[in-house]
Amino acid sequence: MLANRAEAYEIINADGLGPAVIVCEHASNHFPADYDGLGLEPSARDSHAAWDPGAEDVARRLSEALEAPLIAGRISRLVYDCNRPPEAPSAMPERTETIAVPGNVGLDEAARAARAARVYAPFTRATSDLIARRGRAGTPFALITMHSFTPVWMGQPRAVEIGILHDSDARLADAMLAQEVPGRQVERNAPYGPADGVTHSLRLHGIANNLPNVMLEIRNDLIATPAQQDRIAAELLRVLRPALARLKLMEAHDA
């Protein structure tokens with residue numbers, strides 16, 4: 001039986017048998033005490049640099065609506081970004097946008113390996129176990145990863161409101177993009193794409209398991225309050241459900 005909570009992750013709705021498994025790698029801005037906040041000011045530890053504000057709130061709403069299990073990260077991505085492999089410099093970045101991260105400067109191989117063992121390995125193992133457990137139910141499902149992004153990056157405003165991202169497998173992204181979200185600026189592989197190294201989880205857990213998969217990016221000023229989170233979740237569901245149905249992932253669950 002999977003543990004529902006560990007230092008690096010939490011599993012919500014673990015027994016859900018809906019048409020998706022949802023992953024929210026950047027759900028928390030928690031810094032374990034022994035990292036001393038990586039030398040960051042409180043404002044930096046609370047900022048989008050440390051986590052994806054609102055992403056878990058929306059992911060929980062999708063989890064409930066789709067009866068889908070959700071795994072959420074419980075340690076700040078500045079300690080270790082679980083959407084990056086250990087060899088990637090951005091797994092433990094020395095700088096993000098305009099914020100320097102003193103506690104990540106000059107990490108040697110042993111220190112990087114220790115971070116990966118403490119955060120990445122258990123999160124990744126728990127995600128793989130959750131997917132395997134869901135697979136044993138015998139009904140088809142997709143992988144959805146949930147993120148948020150800041151409306152201004154390096155001083156430049158971003159017009160995109162919802163990004164639908166994919167790597168080499170575009171099945172679910174294409175099915176979602178074939179529909180409209182009225183009044184929303186929805187774009188493919190924006191504000192990031194595979195070239196930016198953001199599709200690690202999709203490749204590791206989705207493509208490797210031949211699961212239809214998609215990464216959803218929501219501009220965080222649109223999900224700052226519970227009412228906004230309700231609205232965005234509802235808008236996503238209006239395109240997600242038909243997309244999942246188009247890929248014949250809803251039939252077993254609607255029967």
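Which backbone nitrogen does the side chain of Asp81 reach? The side chain of Asp81 reaches the backbone nitrogen of Asn83 at 2.9 Å.

This is a predicted model, in which local features need pLDDT of at least 70, side-chain atom pairs count only at pLDDT 80 or more, and totals for chains, interfaces and linings use all residues. Residues are numbered from 1 along each chain as its sequence is written, and side-chain values use heavy atoms, with hydrogens and water left out.

**The loop between E3 and E4**

Helices (H or I, at least four residues) and strands (E, at least two) are DSSP runs, numbered from the N terminus. Asp81 lies in the loop between E3 and E4. Leaving aside neighbours within four places in sequence, Asp81 is in contact with His26, Ser90 and Ala91, where contact means heavy atoms within 4.5 Å.

Tyr80 lies in this loop too, and Tyr120 in helix H3 (residues 109–135), so their pair ties together parts that are 40 residues apart in sequence. The structure holds one aromatic pair. The ring centres of Tyr80 and Tyr120 are 5.3 Å apart and the planes are at 40 degrees, so the pair is tilted. Rings of Phe, Tyr and Trp (its six-membered ring) pair if their centres lie within 6.5 Å; planes under 30 degrees apart count as stacked, over 60 as edge-to-face and the rest as tilted.

The table gives relative accessible areas; buried means under 20%, exposed over 50%, and partly exposed in between (1.4 Å probe, protein chains only).

| Residue | Relative accessible area |
|---|---|
| Tyr80 | 1%, buried |
| Asp81 | 5%, buried |
| Tyr120 | 12%, buried |

**The largest nonpolar core**

A nonpolar core is a set of buried Ala, Val, Leu, Ile, Met, Phe, Trp, Tyr and Cys residues joined through side-chain atoms within 4.5 Å. The largest one has 38 residues, of which Leu62, Met146, Met176, Leu216 and Leu236 touch the most other members. Helix H6 gives the largest share of this core, eight residues. Not counting residues up to four places away in sequence, Leu62 touches Ile22, Glu67, Met146, Ala233, Leu236, Leu237 and Leu240.

**Strand E11**

Seven of the seven residues of E11 are buried, so this strand is largely enclosed by the rest of the structure. On one side are Asn213, Met215, Glu217 and Arg219, and on the other Val214, Leu216 and Ile218.

Two strands pair if DSSP finds at least two bridges between them. E6 and E11 run parallel and are joined by seven bridges; Met146 has Leu216 as its bridge partner in E11. E9 pairs with E11 in the antiparallel sense over four bridges, and Ile162 has Ile218 as its partner.

Note on methods:
Polar contact = N/O pair within 3.5 Å; in protein donor to acceptor, adjacent residues only side chain to side chain.
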